[in-house]
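Hello! Here is the structure I promised to pass on to you. Have a look at it first, and then read my notes below.

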Amino acid sequence: MRALCWTSGGELTVGQVPDPELRNDHDVIVRVRRSATCGADLSLLAGQTPGLAAGDVLGHEFLGDVIEVGPQVRRHRVGDRVVVCASVACGACWYCRRGLPSCCDNGSTDPIANEAQWGHPVAGCFGQPRAAGGFAGSHAEYVRVPYADVGAFPVPESVGDDRAVFASDAAPTGWLGAEGAEVRPGDVVAVWGAGAVGQLAARAAWLLGAERVIVVDRHPARLLMARQHIGVETIDQRDSDVSAQLREFSGGRGPDVCVEAVGGPAGEHRTLADRFTGRTRVPEAVREAVYACRKGGSVFVLNGAAGHVDAFPVGTVVHKALTVRGGRQHGQRHIPMLLDRMARDELRTEHLATHHFPLERAAEGYALFRDRPDECLRAVFTPH
Ligand SMILES: NC(=O)c1ccc[n+]([C@@H]2O[C@H](COP(=O)([O-])OP(=O)(O)OC[C@H]3O[C@@H](n4cnc5c(N)ncnc54)[C@H](O)[C@@H]3O)[C@@H](O)[C@H]2O)c1
Ligand SMILES: [Zn+2]
Ligand SMILES: [Zn+2]
């Protein structure tokens with residue numbers, strides 16, 4: 001089959017790779033209908049993620065049709081249109097049973113490398129290097145989906161492909177940012193990043209009852225989209241004192257909840273050693289959020305590319321009694337609820353699919369997504 005592969009030179013190319021096969025009894029094979037770029041891919045493209053190998057297939061946000069089903073699969077039939085959670089979890093381990101599938105003990109094919117990186121093994125992800133799962137990605141004609149009863153979900157007929165595809169990753173991530181930060185009715189919520197994840201964190205904050213939601217970014221077109229489609233207020237970081245403006249929006253106190261959903265740290269690794277230890281500067285948005293947040297408020301960090309950091313304002317966390325949390329999305333838990341909301345029109349996401357490309361032009365799609373963010377919010381590939 002054809003797939004978008006990473007090459008040893010750090011380039012992307014569409015080439016021939018072997019067709020995926022059922023490897024264990026809980027797998028299904030999905031014929032891809034839509035597969036989208038994600039901000040998390042930008043550090044892969046920048047060569048900042050150790051362990052990518054030539055020929056690795058990228059992509060993790062996708063939906064498609066089930067074309068083959070393993071003998072132990074109970075919830076899927078050939079022909080089902082399914083959205084697949086971008087991260088891979090077993091559904092049966094201690095963490096999965098406690099509703100923390102992104103902390104799954106069994107989601108990675110290389111738990112030892114995974115544990116060396118984070119201290120514990122965590123869930124895998126499609127289209128990532130071995131340490132982060134080792135599962136071939138979705139920018140391809142077909143994908144093997146392990147633990148399919150746990151990570152793949154039938155899409156209601158009324159929800160179109162361009163809406164449903166974001167239930168795979170951006171929507172559950174945004175939901176986690178708002179829910180994990182414990183947004184309460186009446187809260188003022190600030191979100192850094194007007195990409196797909198930031199916009200959907202902002203939408204989740206609305207749905208959880210926030211009174212005011214403010215999105216901060218530096219791209220006017222993305223901010224306009226957030227105002228028009230999500231109904232939030234916005235701050236253009238380039239011409240504002242963000243903290244001062246946020247105080248104005250929140251009775252002089254600062255937001256109750258701050259969610260960081262900014263893009264990957266392209267260019268942030270200062271030395272080769274940093275690259276291999278995963279050390280980055282704290283994304284400046286995290287620091288800004290910690291300073292802007294009201295005393296006793298909470299900050300939620302979604303940036304998956306943040307490695308080990310320095311210059312983190314720990315003292316501010318202490319003196320302002322902040323709660324700082326982070327997480328990877330728990331789509332296995334949230335996707336059915338998100339699809340219901342999509343079917344009820346409470347969650348509309350198709351505006352995020354700003355550009356469609358056939359798989360053959362996927363490298364061009366990534367270049368547009370990476371280099372012209374003001375124009376392209378998500379490139380979506382249609383392999384068939
Ligand atoms: N935790 C998870 O499970 C999970 C899942 C998916 C994506 N992510 C992460 O979410 C983040 C956002 O993803 P996306 O696909 O929306 O990315 P994106 O690249 O499309 O958008 C990120 C936006 O952040 C803005 N930005 C960059 N620096 C900023 C700053 N200092 N202040 C304000 N805005 C800033 C950029 O201008 C851009 O519009 C990425 O870091 C990605 O790794 C996490
Ligand atoms: Zn992603
Ligand atoms: Zn598990």
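**Around Pro220**

Leaving aside residues up to four places away in sequence, Pro220 touches Asp236, Arg238 and Asp374, where a contact means heavy atoms within 4.5 Å. Please keep in mind that this is a predicted model, in which local features need pLDDT of at least 70 and side-chain atom pairs count only at pLDDT 80 or more, while totals for chains, interfaces and linings use all residues. Residues are numbered from 1 along each chain as its sequence is written, chains are lettered from A and ligands numbered from 1 in the order in which they are written, and side-chain values use heavy atoms, with hydrogens and water left out.

Pro220 lies in helix H8 (residues 220–230); helices (H or I, at least four residues) and strands (E, at least two) are DSSP runs, numbered from the N terminus. Pro220 counts as partly exposed because its relative accessibility is 37%. On this scale, buried means under 20% relative accessible area, exposed over 50%, and partly exposed in between (1.4 Å probe, protein chains only). The C-alpha atoms of Pro220 and Ala367 are separated by 20 Å, and the two residues are 147 apart along the chain.

**Two pairs of helices**

Two packed helices are described by the angle between their axes and the distance between the axes. How do H7 and H8 pack? Helix H7 (residues 196–207) meets H8 at an angle of about 30 degrees, with the axes 11 Å apart. Axes here are lines fitted to C-alpha atoms, for helices over the stretch in contact, and angles run from 0 to 180 degrees between N-to-C directions. H7 and H8 are therefore roughly parallel to each other; angles under 35 degrees count as roughly parallel, over 145 as roughly antiparallel, 65 to 115 as roughly perpendicular and the rest as oblique.

On the H7 side the contact is made by Gln199, Ala202, Arg203 and Trp206, and on the H8 side by Arg222, Met225, Ala226 and Ile230. By class, these residues are five nonpolar, one polar and two charged. For the classes, Ala, Val, Leu, Ile, Met, Phe, Trp, Tyr, Cys and Pro count as nonpolar, Asp, Glu, Lys and Arg as charged, and the others, Gly among them, as polar.

H7 also holds Gly198. Is Gly198 buried or exposed? Gly198 is buried, because its relative accessible area is 0%. Its contacts, not counting residues up to four places away in sequence, are Val191, Gly193 and Ala261. The C-alpha atoms of Gly198 and Val259 are 8.0 Å apart, though 61 residues separate the two along the chain.

The other pair is helix H6 (residues 170–180) and helix H13 (residues 331–343), whose axes come within 9 Å and cross at roughly 105 degrees. That makes H6 roughly perpendicular to H13. Seven nonpolar, two polar and three charged residues make up the contact of H6 with H13.

**Salt bridges**

Side chains of opposite charge can pair when their charged atoms come close. How many salt bridges does a search of the whole structure find? The search finds 22, a salt bridge being a side-chain nitrogen of Lys or Arg within 4 Å of a carboxyl oxygen of Asp or Glu. Here are some to look up:

- Glu233 and Arg212 meet at 2.7 Å, N to O. The pair links distant parts of the chain, with Glu233 in strand S12 (residues 233–236) and Arg212 in strand S11 (residues 212–217). Glu233 is partly exposed at 27% relative accessibility, and Arg212 is partly exposed at 29%.
- Asp256 pairs with Arg294, the closest N and O atoms being 2.5 Å apart. These residues are 38 apart in the chain. Asp256 counts as buried at 12% relative accessibility, whereas Arg294 is partly exposed at 24%.
- Arg33, Arg34, Asp65, Arg81, Asp161 and Asp162 are linked in a network of salt bridges.

**Two positive phi values**

Most residues other than glycine have a negative phi, and most peptide bonds are trans. Phi of Glu182 is near 60 degrees, a positive value. Glu182 lies in the loop between H6 and strand S10 (188–192). Phi of Ala321 is positive too, near 55 degrees, and Ala321 lies in the loop between helix H12 (314–319) and strand S17 (323–326).

Enjoy exploring!
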